[in-house]
Amino acid sequence: MKNIAVNKYPKKFRNELATAFEQFNLYTLRLEEAYNKLQSRVKEIDKEMEDTNARLKDKVQELDSLTKYLNSLLGSIHSGVIAINVKGEITTFNTAAEEILSFSGSCVVGGNIACLYENADGGESLLTEAIKKGQNFINVERKIKTSQGLTRMLESSVSLIKDSQDNIIGAVEVFKDLSKIRDLEMRLRKADKLAAIGAMAASIAHEIRNPLNGIEGFSALLARDFEDSDPRKKLVKNIIQGTKNLNKTVTELLVFARPVRLSLMNSRISEILDRTLFFIKEDMNRNGIDTISIHKEYGADDYCLKCDAEKLQQVFLNLCLNAIQSMTCGGHLTVFTRTLKGENDNGVVQIGIKDTGVGIKKEVVRKMFDLFFTTKQDGTGIGLAIVNKIVEAHNGKIFVESEEGKGTTFYINLPINSHDYMDSYSAFIPEEEALAMQFA
């Protein structure tokens, strides 16, 4: 039937139709072949992509491991590391930098280096200067001030960061904190000075004290031979008083020359201050001083410190007496405590003794803890030096703020439960020499 149906068409048409079918079959075979090749190529590409992805995954893991290693390396070194780009934006800030500058890396990364710290002389940071000048800096010592008000002595080395075309893309600074080293050097110089003074004091004690005791004893015997109305008796009393003053000076010098031995025990600062103010009030009553009022402003956190309560009481007592002496026309004596964030995790307790007296000149404030410096006619310049020495023995710091005509405030910062007391303060000051703690 089919052949009959086809045969009814002309032969020419039948030939063209057969050719068309052959061409269609040919194109179908070619298309099928191309499709098979395409599928094969797709499989090859998939395999190549799989291999490439595997290699990329390995590279990412390798890069991630390298990044973690570098971060661990930066975090473990004791030197601070800060890197910036050409815009001055911080890109790297390691753990040591956080500890030295008291900043969190997460808070400063991305910020500008100018907002972090500046040189104490007002100049720009060493990183910014290195990028501007296009040069490295090696082992540069400088003092910097952070935006939090902290002052640090640093030794820094800065290197430029360049790309493959030798273009500057940033700078990195590696630095270490020299503040503690400089502080130890200063303490060492003080220790050498104490050793020299100690040798001198021992000689003075032997060469001067014995003759002074003889002079005082003979003068007392001589005074018995004169009537009270005899003017010579007054002269003899002046001799006796002069020898006592010289003996007191020698005693003060001996106390300062001897290192402090601390008898450490847990004590509350508020209790030590209360005992101090009790003696102050008794002294004021004894001398008829009723124009000075005393105020206590203790902080909410009453910490128990490991300290020498008697030595600290001597410090507080003399600072309070000094404050009272400055308020000849009356005024207010305020004793306060508060806690501050310190260099260690526990922080510090700050004790303040504030008066409304005559105040102290700026040039005097800078020298007032120096040995033998005094502004009093009958002073020796040893008392405040001893006060400073006892505070340092507790690993603390003392400083002063004063304004002429408005008053003075002494601040004493003591670390909370710090056991890092200096070994150089190991000798014992006899309690009978506490008299030498009176201010000069």
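**Strand pairing and its surroundings**

Happy to: let's start with Ser-267, whose bridge partner in E9 is Leu-305. This is a predicted model, so local features need pLDDT of at least 70 and side-chain atom pairs count only at pLDDT 80 or more, while totals for chains, interfaces and linings use all residues. Residues are numbered from 1 along each chain as its sequence is written, and side-chain values use heavy atoms, with hydrogens and water left out.

Strand E7 (residues 265-268) and E9 run antiparallel to each other, joined by four bridges; strands pair if DSSP finds at least two bridges between them. Strands (E, at least two residues) and helices (H or I, at least four) are DSSP runs, numbered from the N terminus. In a regular strand the side chains alternate between the two faces of the sheet. Strand E9 (residues 304-307) has Leu-305 and Cys-307 on its covered face, with Cys-304 and Lys-306 on the uncovered one.

Now to the open sheet, where five strands with mixed pairing follow the order E8-E10-E11-E13-E12. Strand E8 (292-297) and strand E12 (397-403) form its edges, each pairing on one side only. On average, neighbouring strands here are turned by 15° against each other, direction ignored; axes are lines fitted to C-alpha atoms, for helices over the stretch in contact, and angles run from 0 to 180 degrees between N-to-C directions. Within this sheet, E10 (residues 331-340) and E11 (residues 348-355) are antiparallel partners over eight bridges. There, Thr-339 has Val-349 of E11 as its bridge partner.

Helix H8 (residues 269-286) packs on this sheet and touches E8, E10, E11 and strand E13 (407-415); contact means heavy atoms within 4.5 Å. The direction of H8 makes about 175° with that of E8.

Phe-279 sits in H8. Apart from neighbours within four places in sequence, Phe-279 contacts Gln-313 and Leu-317. Leu-317 is 38 residues away from Phe-279 along the chain, yet their C-alpha atoms are separated by 7.9 Å. Because its relative accessible area is 43%, Phe-279 counts as partly exposed; buried means under 20%, exposed over 50%, and partly exposed in between, with a 1.4 Å probe and protein chains only.

The model holds three aromatic pairs; rings of Phe, Tyr and Trp (its six-membered ring) pair if their centres lie within 6.5 Å, and planes under 30 degrees apart count as stacked, over 60 as edge-to-face and the rest as tilted. One of them is edge-to-face and joins Phe-278 to Phe-279, 5.7 Å centre to centre with 70° between the planes. Phe-278 is partly exposed because its relative accessibility is 48%. Phe-336 and Tyr-411 form another edge-to-face pair, at 6.1 Å centre to centre and 65° between the planes. That pair links distant parts of the chain, with Phe-336 in strand E10 and Tyr-411 in strand E13, 75 residues apart. Phe-336, at 9% relative accessible area, is therefore buried, and Tyr-411 is buried at 11%. Ring pairs join Phe-336, Phe-399 and Tyr-411 into a cluster.
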